[in-house]
Amino acid sequence: MTDFKGSTFTWLGHAVVQITTPKGTEILIDPFIEHNPKYPKSHKLPQKLDLLLLTHGHSDHIADAASVAKKHGPEVVAMVELAGWLKSKGVQRASGMNLGGSYKVKDVTLSMVEARHSTGIDDGSITLYGGEPVGYVITIDGGPVLYHAGDTAAFLDMQLIRDLYSPEIGFLPIGDYYTMGPKGAAIAARYLGLKTVVPIHYGTFPVLTGTPEELEKHLTGSGIEVLKPKPGEALR
Ligand code: NI
Ligand code: MN
């Protein structure tokens, strides 16, 4: 069993993940809430969020970013072009990072890493350039190193993420169609050197057909654990 060292992780359906560190830092990733059919409607976000991380500009990842930012007051972190767009929508504290960079906030170090995907931002009837899609490595002081892959295909340079940051717990998309499916995610987990995988970005829409059971099958004998929380179920 993975030791979460006092941190709490809650998958909220699709790619939405909430993290609470042992020091009480509250992090939310990819807020897709109101129109997310798998979001647990009874879930209450903390009144004050410290960080809101965005992996890319697709609406199933940022649909509620501006409203969450205004209501819960976090510092928003995103690729620089996406952060700039959010500022134009009235989000005041938006920090634009770029690939390869790290940024320390309280007891958490964020590292922005590659994802293989696309990232146009739908703005009314036009699609705007959103920079590059990304993932995040989240290194908690004294705690585990997490990786949220965002939307991505499997890619060989995940080995570089392993060498640089040694992530232990990975939130990996497995739904297929828009991202890697279970087979790709199993290879990704090996490349990344993960101990534990929490599958995300599956089951939300009919085209996202990958399942945690298929991922487990592809990881048989690897020693890598697959956790299968229900949306809203806290892992600690
Ligand atoms: Ni996407
Ligand atoms: Mn997506």
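Q: What counts as a salt bridge here, and how many does a search of the whole structure find?
A: A salt bridge is a side-chain nitrogen of Lys or Arg within 4 Å of a carboxyl oxygen of Asp or Glu. A search of the whole structure finds eight of them. This is a predicted model, in which local features need pLDDT of at least 70 and side-chain atom pairs count only at pLDDT 80 or more, while totals for chains, interfaces and linings use all residues. Residues are numbered from 1 along each chain as its sequence is written, chains are lettered from A and ligands numbered from 1 in the order in which they are written, and side-chain values use heavy atoms, with hydrogens and water left out.

Q: Is Asp-50 buried or exposed?
A: Buried means under 20% relative accessible area, exposed over 50%, and partly exposed in between (1.4 Å probe, protein chains only). Asp-50, with 13%, is buried, whereas Lys-106, at 58%, counts as exposed.

Q: Where do Lys-195 and Glu-168 lie?
A: Their side chains meet in a salt bridge of 3.3 Å, N to O. Lys-195 is in the loop between α5 and β14, and Glu-168 is in the loop between α4 and β13, 27 residues apart. Glu-168 counts as buried at 15% relative accessibility.

Q: Which residues are linked in a network of salt bridges?
A: The network links Glu-213, Glu-216 and Lys-228. Within it, the side chains of Lys-228 and Glu-216 meet at 3.0 Å, N to O. Lys-228 lies in the loop between β15 and β16 (234-235), and Glu-216 in helix α6 (residues 212-218), twelve residues apart. Lys-228 is partly exposed at 41%, and so is Glu-216 at 30%.

Q: In what order do the seven strands of the open sheet stand?
A: Two strands pair if DSSP finds at least two bridges between them. The order is β7-β8-β11-β12-β13-β14-β15, with mixed pairing. β7 (102-105) and β15 (225-226) are at the edges with a single partner strand each, so one side of each has no neighbour in the sheet. β7 pairs with β8 (residues 108-114) in the antiparallel sense over four bridges; Ser-102 has Ser-111 in β8 as its bridge partner.

Q: Which strands does helix α4 lie across?
A: Contact means heavy atoms within 4.5 Å. Axes are lines fitted to C-alpha atoms, for helices over the stretch in contact, and angles run from 0 to 180 degrees between N-to-C directions. Helix α4 (residues 158-165) lies across β7, β8, β11 (134-140) and β12 (145-148), at about 160° to β8. Helix α5 (residues 182-192) lies across β12, β13 (169-173) and β14 (196-200), at about 150° to β13.

Q: Which residues coordinate the manganese ion (ligand 2)?
A: Donors are N, O and S atoms within 2.8 Å of the metal (3.2 Å for Na, K and Ca); water is not among the atoms, so sites may look incomplete. Asp-60 (OD), His-61 (NE2), Asp-151 (OD) and His-201 (NE2) coordinate the manganese ion at 2.1 to 2.3 Å. The nickel ion (ligand 1) is 3.3 Å from the manganese ion, and Asp-151 coordinates both.

Definitions and conventions:
Helix = DSSP H or I, 4+ residues; strand = E, 2+ residues; numbered from the N terminus.
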